[in-house]
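Please examine the sequence and the three-dimensional structure shown below.

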Amino acid sequence: MKKRLLCALLALSLFTLPGCKRDPEPVEVTAFAMDTVMQLTACSGDTGGTRAFLGELTARLTELDSQLSATREDSFVYAVNHAGGEWVEVPDSTVLALLHDALSLCEVTGGALDITTYPAVKAWGFTGEERRVPSPAELEALAEKIDYTAVALSDWAGEGRRGGAALPQGMEMDLGAVAKGFAGDLLAGEVREVGITSALLDLGQSTIVAVGSKPQGTPWRIGVVDPAQPGSCFAVVELEDCAMGTSGGYQRYFEQDGITYWHILDPDTAAPARSGLASVTVVSPSALICDGLSTALFVMGLEEGAQFWRDHPELEFEAVFVTEDGEIYCTAGLERRFTLAEGFEDREVTVLE
Ligand code: AMP
Ligand code: MG
């Protein structure tokens, strides 16, 4: 958590610099949702109104969390996972939209992102207190059951129906790889709608959305965590009406017998993705793309991930890959907005074309 705060501080510190006194006071609220601390900051002339509005946004986050949590027994996702193959009505059109978006990303990434990885996530103990290494036979059985194409969605038009979802018995889904990004886009839309032109929505676990620029008119500057020393940021990315998301093995992991096991799983093996990458950062106007693709590109690895970037200009994203050996690769479209942080200037950055 400290590292995120540190990186966010990089962005916020300029509010307090001398010479910025006439800028609107930043209003900041903190929320705990989706298993992480979130920090919403907005700048407008109306401090009281902005605080109340941000409070409403945190309530929206709590509501989304209660619908999407895979562990809360009263959530929609939990209901789908325990319906024994029966249809479960979606709570509202927002959740239906998220399911459609998530499945599209599963499809476009060829299943590197797969929302039905959840039984494997559970088997490794990443949802609870006790981590464990499943046996090869268990992993094989788990991998066989991972298949996002088995998720059924229905729009159930008319008659006040809101749509539904169903999963074959024995399968379970989890929107953990995309929900923060989806929430970021949703909240950013509401921020823009009320006319706030400068805000920073930190959804936690390295998903961040910049609305507009800093009050001074310069881009937000967001640090990218060094996966080798998660307490520091090795680079800074400039964001203006843009989002950024990072997936990395350092974010949630455990060690056993000298081996590190992290929470990003390869749907083909049901085991932690060993692609040679330590982290992937995605920059895009869409926070959902950032969140979903950072997870997927981590699974793909550098070569496949870079090719995916070349093949999908329509997804409008750029990426920074850091390998387990500490090599840094940055896609060409990000070059002008990407700088190495102080103390890291001697690191080599390979630009991917
Ligand atoms: P993120 O932190 O956004 O990279 O998402 C990782 C989370 O998504 C994990 O904690 C799991 O709950 C879940 N997950 C792990 N591997 C995958 C995968 N390949 N596709 C979809 N979700 C995954
Ligand atoms: Mg993600």
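**Helix packing and aromatic contacts**

Helices α2 and α7 are roughly antiparallel to each other (an angle over 145 degrees), because their axes cross at roughly 150°. The axes of α2 (residues 47-68) and α7 (residues 179-193) come within 11 Å, and the crossing is right-handed. On α2 the contact (heavy atoms within 4.5 Å) is made by Phe53, Leu57, Arg60, Leu61, Leu64 and Leu68; on α7 it is made by Ala179, Ala183, Leu186, Leu187, Glu190 and Val191. The residues of this contact divide into 10 nonpolar, no polar and 2 charged.

This is a predicted model, in which local features need pLDDT of at least 70 and side-chain atom pairs count only at pLDDT 80 or more, while totals for chains, interfaces and linings use all residues. Residues are numbered from 1 along each chain as its sequence is written, chains are lettered from A and ligands numbered from 1 in the order in which they are written, and side-chain values use heavy atoms, with hydrogens and water left out.

Among the residues that make the contact are Leu98 and Leu105 of α4 and Ile289 and Leu293 of α8.

Aromatic rings also meet. The structure holds 7 aromatic pairs (ring centres within 6.5 Å). Ring pairs link Trp124, Phe126, Phe254 and Tyr261 into a cluster. The charged end of Arg274 sits over the ring of Trp262, 4.8 Å from its centre; the criterion is CZ of Arg within 6 Å of the ring centre and within 35 degrees of the ring normal.

Technical notes: Rings of Phe, Tyr and Trp (its six-membered ring) pair if their centres lie within 6.5 Å; planes under 30 degrees apart count as stacked, over 60 as edge-to-face and the rest as tilted. Axes are lines fitted to C-alpha atoms, for helices over the stretch in contact, and angles run from 0 to 180 degrees between N-to-C directions. Helices (H or I, at least four residues) and strands (E, at least two) are DSSP runs, numbered from the N terminus. Angles under 35 degrees count as roughly parallel, over 145 as roughly antiparallel, 65 to 115 as roughly perpendicular and the rest as oblique. A crossing is left-handed if the near helix is turned anticlockwise from the far one by less than a right angle, and right-handed if clockwise. Ala, Val, Leu, Ile, Met, Phe, Trp, Tyr, Cys and Pro count as nonpolar, Asp, Glu, Lys and Arg as charged, and the others, Gly among them, as polar.
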